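User: I am new to this structure. Please take a close look at one part of it, the pairing of strands, and walk me through it step by step.

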Amino acid sequence: MKIIIPIKQVPETGDVKMDSATGTMKRDGVRSIVNPLDLYAIETGLKIKESTGAHITVITMGPPKAAEALKEAVAMGCDDAMLLSDKSFAGSDTCATSYVLAMAIKKIADYNLVICGERATDGDTGQVGPGISAWLNLPVCTYISKIISAGEKILTAERLVEDGYETLEIKGPCVITVVKEAASPRLPTLSGKIRAKKLTIPILGPSDINAHPEHLGLAGSPTKVVKIETPKITRNGELIIPKSPEEMEAAADKIIKYFHKLDII
Amino acid sequence: MNEKNNVWVFIQQDEGKPAEVSIELMCKARELADTLKVSMCGVMIGKNIKAEAKKLISYRADRIYCIEDGRLDHYTPVPYTKIMCEVIKKYEPQIVLYGATTTGRDLAPRVASSLKVGLTADCTDLKIGDHTMKDQEFKNILYQIRPAFGGNIIATIVSPEKKPQMATVREGVMKLSAPESKYAGEVVNEQIKLTDAEFPTEVIKIIKKTRSVNLKAAHIIVSGGMGAGSKENFKLIQDLAHALGGTVGASRAAVDAGFIAKEHQVGQTGTTVRPKLYIACGISGSIQHRAGMDQSGRIIAINTDPEAPIFQIAHYGIVGDLSDVIPRLIKAVKSK
């Protein structure tokens with residue numbers, strides 16, 4: 001069984017600064033982590049590895065320092081890593097990102113299963129997993145909450161939907177995205193960290209994965225962010241700041257009277 | 001009607017019935033189509049769906065394309081993607097909207113990458129406007145508006161160079177408008193050949209859970225956030241909801257912290273609500289949360305931080321600790 005897990009390095013904080021000229025994120029000066037939702041994908045892969053002896057390759061597209069994210073995945077127990085990094089990849093939207101990851105997966109060629117996180121906490125779209133499957137022309141299955149059995153030809157899994165879950169059989173190779181319910185991520189081990197430290201991660205550019213320049217980066221991205229604003233809201237409601245228990249009581253009375261006046265209660 | 005360049009909605013069906021979000025999107029799509037002076041059309045895929053499709057014409061659909069096949073009863077991505085791509089190539093719509101459901105969020109990105117067109121997830125607003133890019137002027141394109149990057153930013157995204165422009169929208173974000181029973185539209189049968197090899201996913205079992213919380217139907221919602229501090233303290237919020245005859249809601253942070261089950265979550269990744277009264281207790285009010293409740297009739301906020309963004313949209317705000325304010329509110333309710 002060969003598994004590929006595409007991951008993303010994301011800023012740790014929700015307080016991301018934007019470059020208003022380009023409409024892209026300013027990554028400088030912000031601590032980076034493995035996208036927390038990708039840890040569930042990694043753990044799902046590791047569980048399969050434990051039960052069937054799979055080989056796991058973790059890949060990411062990003063700046064050179066995104067290698068740190070790959071090393072963390074290796075420290076958790078993944079076997080191999082590959083970094084897709086090149087200036088021409090900068091500014092990619094979900095379509096261009098899934099293209100690069102799909103071309104890298106094509107380059108690896110020998111695999112049975114691709115496992116992605118549900119979405120990244122920064123972009124918050126959840127579009128890259130299904131996007132990869134389209135570029136590879138493979139079946140996709142999103143929101144997997146439980147792997148029932150993972151064979152080289154058939155995957156049986158549960159998919160979490162709005163009003164319950166579905167049990168699905170998918171012919172491999174296929175792409176899945178997993179939700180939190182699928183696994184609880186382990187911590188890196190000491191021996192894993194040592195192995196990760198020693199591992200040289202290959203860095204691949206567009207020509208290494210036979211990627212066409214027209215599909216890359218900002219130019220290859222059909223969507224463009226054209227405006228960013230911090231919304232100003234002007235409802236001008238009344239703010240009560242009670243200074244004593246009596247004032248608090250009066251404020252509570254006032255609110256409840258207000259509800260009665262509006263006939264809400 | 002002109003067959004090309006129209007505004008489309010993917011009409012999701014579950015057990016043959018159209019999803020609520022798809023109808024909401026038809027109402028929005030109608031508005032966009034009127035602005036663009038084009039037709040509004042739906043695409044419905046499933047088994048024996050024409051009678052349901054016909055009923056949807058009343059949402060002022062000019063045409064609903066139906067693709068029927070016994071194997072298409074339940075959604076799976078490969079055949080649905082093929083169908084969407086083929087009808088899109090045939091009729092070249094300028095806009096296609098999808099509900100941001102587990103189905104729509106599985107299907108839309110796959111269609112987008114197959115056609116190499118843009119797709120914006122979880123839009124909170126859609127507008128028509130002009131845009132100049134690299135000295136090229138694009139007239140009447142779709143502005144796809146969504147919160148981005150952890151919250152306090154609203155981004156406007158465009159994808160004018162390739163058609164269709166596509167977006168997903170969550171349930172409850174767009175408003176339903178009244179149907180017009182005599183609207184003249186048509187249901188059109190589309191044939192698309194599918195081989196058995198194009199069904200690599202088999203649905204072998206479907207387990208339904210009944211929802212115990214119905215936030216969408218609630219007239220009064222009392223929601224708690226991280227300000228509750230603990231699971232035990234969250235009981236205060238439940239007590240107030242009970243006293244007012246309301247339903248309990250929560251912010252994503254409170255759900256992630258384990259204070260309450262996810263089905264109570266209000267906001268962009270939870271349920272979008274429009275109750276008559278929304279009381280936000282200990283919720284700071286990130287953009288994602290506000291996007292899910294700012295259309296409420298009246299908003300009351302209780303928070304210790306007078307600078308909390310939730311106060312900007314509140315009709316009334318009380319600065320104070322929940323354990324001081326809520327018991328007094330309950331007492332005031334009971335004394336009336």
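Analyst: Two strands count as paired if DSSP finds at least two bridges between them. Keep in mind that this is a predicted model.

Start with strand S11 of chain A, residues 164–171. S11(A) pairs with strand S13 of chain B, residues 201–208. Their pairing is antiparallel and runs over 7 bridges. Within it, A:Glu166 stands opposite B:Ile206.

S11(A) has another partner, in chain A. Strand S10 of chain A, residues 154–161, is joined to S11(A) by 8 bridges. These two strands also run antiparallel. A hairpin of 2 residues connects S10(A) to S11(A). For one bridge pair, look at A:Leu160, whose partner in S11(A) is A:Tyr165.

In general, the strands of a sheet pair through backbone hydrogen bonds, and the pairing can be parallel or antiparallel.

Now turn to the parallel case. An open sheet of 6 strands uses parallel pairing. Its order is S15(A)-S18(B)-S17(B)-S16(B)-S14(B)-S15(B).

Strand S16 of chain B, residues 277–281, meets strand S17 of chain B, residues 298–303. They are parallel and share 5 bridges. Here B:Ile279 stands opposite B:Ile300 of S17(B).

Helices lie across this sheet. Helix H6 of chain A, residues 245–261, lies across S15 of chain A and across S16, S17 and S18 of chain B. H6(A) runs at about 160° to S18(B), the strand of residues 316–319. Helix H9 of chain B, residues 322–334, lies across S16, S17 and S18 of chain B. H9(B) runs at about 135° to S17(B).

One last stop is a loop between strands. B:Gln12 lies between strand S1 (7–11) and strand S2 (13–14) of chain B. Is B:Gln12 buried or exposed? B:Gln12 counts as buried because its relative accessibility is 6%, and the cut-off for buried is under 20%. Its side chain makes a polar contact of 3.2 Å with the side chain of B:Asp14. Another polar contact, of 3.5 Å, links the side chains of B:Gln12 and B:Thr103. Beyond four places in sequence, B:Gln12 touches several residues, among them B:Lys17, B:Pro18, B:Thr101 and B:Gly104.

How values were computed. Residues numbered from 1 in each chain as written. Chains lettered and ligands numbered in written order. Predicted model: local features only at pLDDT ≥ 70, side-chain atom pairs only at ≥ 80, totals over all residues. Heavy atoms only, no water. Helix = DSSP H or I, 4+ residues; strand = E, 2+ residues; numbered from the N terminus. Contact = heavy atoms within 4.5 Å. Axes fitted to C-alpha atoms, helices over the stretch in contact; angles between N-to-C directions. Buried < 20%, exposed > 50% of the residue type's maximum accessible area, 1.4 Å probe, protein only. Polar contact = N/O pair within 3.5 Å; in protein donor to acceptor, adjacent residues only side chain to side chain.
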